[in-house]
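Student: Please take one part of this chain and look at it closely, then connect it to what surrounds it and to the chain as a whole. I would like the cut-offs behind each term as you go.

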Amino acid sequence: MINEQQVREILGQLQDPFLHRTFAETNAITNVSIKEEKNHVSVKVAIAKTNTPEQMQLQMKIVDVLKEAGAATVGIRFEELSPEVLESFRGKATESEVHDLLSPLSTVQFIAIASGKGGVGKSTVSVNLAVALARLGKKVGLIDADIYGFSVPDMMGIQEMPVVKDERIYPVERKGVKVISMGFFVENNAPIVWRGPMLGKVLDQFFRDVEWGDIDYLLLDLPPGTGDIALDIHQMLPSSKEIIVTTPHPTAAFVAARAGAMALQTNHDILGVIENMAWFESKTTGEREFVFGQGGGPKLADELRTELLGQVPLGQPDWSNEDFAPSIYEEDHPTGKIYLEMAQKVINKLAK
């Protein structure tokens, strides 16, 4: 008859389906009861999330491995890990896992584009900065890591889908930039209602299973704010540089400072601040109207002790149906030239 120690050793090798940690690591086996006369084993298991399809699959696996070890019947009860235990594991990768995850990209410079809140044009900055870097001769990749609010494919006018070949995902290339986004894998613009650990799997896949090839820079359009996904990415990328996007309004800059603080707390270097929607310039008079106030960008740069990389005016790119990319500024457009100047500053800073 199987004993308690054997039960714990066998189940200790299984993994929490959400945390990707063994039961031995998470101390998941909270109780083992054995009825020798009936050859029956009862276990109580703590996992990250209960009442899910993953729990059902795990339940079947537990039954299988215990019956293979000699149990005639198996009883299982599930409970959720405590918030304290869950927080200690969620989003954290071991040093070896980080190395394995990023080893194909070991020579690539990661640049994360962050903001304190939504609506400041972070994704617009991300796609235009990526295109500007490509125009300056750099090999660039872009991950739309804003999983809930993915928008990069639409902004860049991407119509194709990634190709999957030999279990590798080949990103779509547009305007000289290799792009991967959650938007490629969601039908009919469906909302994302997954929980954090499931989204973490998607981000892992974007790093691990995408064939990026030879690139110099990999930009990440982060989710706004300082939530779980943004924190997971910060922890996943130990050598990432960061650009903080804000608007001129002092309140927006105050909120953006939190994103900068997260970068510093996770030992990331801040490359600089970009102030978006800095002003509106009248095509008739040429006068500038400061619709959202003034001073937010320079103030944030001073607070974070970094450089103001540039100020981008409020406006819309020119585009045509023949080359549809509704959020990309052309190279000779005044705003396109601003992005080229900021991209050159980024190149110069990273070359030091």
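Tutor: Asn27 sits in the loop that runs from helix H2 (23-26) to strand E1 (29-35), where helices (H or I, at least four residues) and strands (E, at least two) are DSSP runs numbered from the N terminus. This is a predicted model, in which local features need pLDDT of at least 70 and side-chain atom pairs count only at pLDDT 80 or more, while totals for chains, interfaces and linings use all residues. Residues are numbered from 1 along each chain as its sequence is written, and side-chain values use heavy atoms, with hydrogens and water left out.

Although Asn27 is not a glycine, its phi is positive, at about 55°. As background, most residues other than glycine have a negative phi. Asn27 is exposed, with a relative accessible area of 60%; here exposed means over 50%, buried means under 20%, and partly exposed lies in between, with a 1.4 Å probe and protein chains only. Met277 is likewise no glycine and has a positive phi of about 55°, and its place is the loop between E12 and strand E13 (280-281). Met277, however, is buried, at 17% relative accessible area.

Asp269 forms a salt bridge with Lys241, their closest N and O atoms being 2.6 Å apart. Because Asp269 lies in strand E12 and Lys241 in strand E11 (residues 241-246), this pair ties together parts that are 28 residues apart in sequence. A salt bridge is counted when a side-chain nitrogen of Lys or Arg is within 4 Å of a carboxyl oxygen of Asp or Glu, and by this rule the count comes to eleven. In this pair Asp269 is partly exposed at 42%, whereas Lys241 is buried at 19% relative accessibility. Elsewhere, salt bridges with shared partners join Glu307, Lys345 and Lys349 into one network.

The side chains of Lys44 and Glu79 meet at 3.6 Å, N to O, and they link distant parts of the chain, with Lys44 in strand E2 (residues 40-47) and Glu79 in strand E3 (residues 73-80), 35 residues apart. Lys44 is partly exposed, with a relative accessible area of 24%, and Glu79 is also partly exposed, at 26%. The side chains of Asp214 and Lys139 form a salt bridge at 2.8 Å, N to O. Asp214 lies in the loop between helix H8 (196-208) and strand E10 (217-221), and Lys139 in the loop between H6 and strand E5 (140-144), so the pair ties together parts that are 75 residues apart in sequence. Asp214 is exposed at 53%, and Lys139 is partly exposed at 41%.

Helix H6 (residues 122-135) also packs against helix H12 (residues 334-351), at an angle of about 70° and with their axes 8 Å apart; the axes are lines fitted to C-alpha atoms, for helices over the stretch in contact, and angles run from 0 to 180 degrees between N-to-C directions. The two helices, H6 and H12, are therefore roughly perpendicular to each other, since angles of 65 to 115 degrees count as roughly perpendicular, under 35 as roughly parallel, over 145 as roughly antiparallel and the rest as oblique. Among the residues that meet there are Val125, Leu129 and Leu133 in H6, and Leu340, Ala343 and Ile347 in H12, contact meaning heavy atoms within 4.5 Å.

Ile113, in strand E4 (residues 109-115), is buried, with a relative accessible area of 0%. Not counting residues up to four places away in sequence, Ile113 touches several residues, including Lys122, Val125, Leu129, Leu220 and Ile243. The C-alpha atoms of Ile113 and Ile244 are separated by 6.1 Å, although the two residues are 131 apart along the chain.

For the chain as a whole, the secondary structure comes to twelve helices and 15 strands. Of its 352 residues, 50% count as buried, and among contacts between residues at least 6 apart in sequence, 73% join residues at least 24 apart.
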